[in-house]
Amino acid sequence: MVSLKSQVRQVLRARIVLAAADGDANGAIARELAVSVNTVRKWRGRFAAAGMEGLKDAKRAGRPRSYGPHVRVAIVAAATSAPPHPESTWSHRTIAAQVAGTVFATISASQVGRILADLDLKPHRVRGWLTRRDTPDFWERAASICDLYRDPPEGAVVLSIDEKTAIAARSRRHPGKPAAPGKSALEEFEYRRHGTASLIAALDVNSGEVLTEIIARNNAVTFTGFLDQLDKAIAPDQEIHVVLDNGSSHTAKHTKEWLAEHPRWHVHWTPPHASWLNQVELLFSALARRVLRHGDFSSRDDLVDKLQSYVINHNVTAKPYRWTYDGTPLKTA
């Protein structure tokens, strides 16, 4: 079984020989492949003396490998299968126990770790992923929202609406310490819980101003009640375009009936799993960074007060968000 590292070494040696065959000088080859000139000389000499055999690893001194291919295969088989009940991930120790029961070879957890590292196999590392679902009109819906932001209909109100739920009111058990020259601020890990609060927010895309309301429940009745307030506050001769994600309170039958009864409201739905197209998420991100992440709230009322104060201060200097991607302003979807 040839390890990944051994394969990489052999590829490097072959590239050195091929570059030499093209007539490149040792120094040029070394710079191109990011190796030393001595390395280039070594493998050119080995190839000249023994051909392809000269590019293989020489036999090394020392103790022979303790575990044969059957043990390594057993380790790979364990690491790529489901762990024993009730565990959810493999550890080096549980793999060692599994191998001992499969091929009757005692092996240490540290040796399992070395073999797995040599194979570049990491059973302890789990990354989340989303099973792909085809959304045939993804680009059409994304383009519709981006065009709405870039070129809103003349005289219309453009709103971005969503809820931020279950915001925890937590107070640190001990006061933190402020930053000092050469020292970071210190924050107590332990905290007390004082309940949660939820809010719904409507961002005016054209002005950057936002209207929020603390809500007791996140359902269609609460959502349409908030829409009623907006509908009364906006001049009756203005069209209203609103960006919504596919949350349950937005797609409920009750909400759709409300929208059908208010024809001046035009909804632009974000594609599934693309709620980041909703600009109000930018406000929620700033709120989390500047108020919530390192905040200290003595009660739920204290949390609500700070949420509302942030929104009030935001509206004093509000301006439209300027979206960029990799430093480039938003253009087209």
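Mentor: Residues are numbered from 1 along each chain as its sequence is written. In this predicted model, local features need pLDDT of at least 70, side-chain atom pairs count only at pLDDT 80 or more, and totals for chains, interfaces and linings use all residues, while side-chain values use heavy atoms, without hydrogens and water.

Trainee: Why are H2 and H3 called roughly perpendicular?

Mentor: Helix H2 (residues 26-33) and helix H3 (residues 37-50) pack at an angle of about 110°, with axes 8 Å apart. Helices here are DSSP runs of H or I with at least four residues, and strands are runs of E with at least two, numbered from the N terminus. Axes are lines fitted to C-alpha atoms, for helices over the stretch in contact, and angles run from 0 to 180 degrees between N-to-C directions. Angles under 35 degrees count as roughly parallel, over 145 as roughly antiparallel, 65 to 115 as roughly perpendicular and the rest as oblique. H2 and H3 are therefore roughly perpendicular.

Trainee: Which residues of H2 and H3 meet?

Mentor: Asn-26, Gly-27, Ile-29 and Ala-30 of H2 meet Val-37, Val-40, Arg-41 and Arg-44 of H3, where contact means heavy atoms within 4.5 Å. The residues of this H2 and H3 contact divide into 4 nonpolar, 2 polar and 2 charged. Ala, Val, Leu, Ile, Met, Phe, Trp, Tyr, Cys and Pro count as nonpolar, Asp, Glu, Lys and Arg as charged, and the others, Gly among them, as polar.

Trainee: And what makes H11 oblique to H12?

Mentor: Helix H11 (residues 280-292) and helix H12 (residues 300-316) pack at about 120°, with their axes 11 Å apart. That angle makes H11 oblique to H12. The contact includes Leu-283 and Ala-286 of H11 and Leu-303 and Tyr-310 of H12. Its residues divide into 8 nonpolar, 1 polar and 2 charged.

Trainee: What makes S2 and S3 a pair?

Mentor: Two strands pair if DSSP finds at least two bridges between them. Strand S2 (residues 191-204) and strand S3 (residues 210-215) have 6 bridges in the antiparallel sense, so they meet the definition. Ala-202 stands opposite Leu-211 in S3. In the hairpin of S2 and S3, with 5 residues between the strands, Gly-208 takes a positive phi near 85°.

Trainee: In which sense does S1 pair with S4, parallel or antiparallel?

Mentor: Strand S1 (residues 157-172) pairs with strand S4 (residues 240-244) in the parallel sense over 4 bridges, and the bridge partner of Ser-160 in S4 is Val-243. S1 and S2, by contrast, pair in the antiparallel sense over 11 bridges, with Ile-161 opposite Ala-202 in S2.
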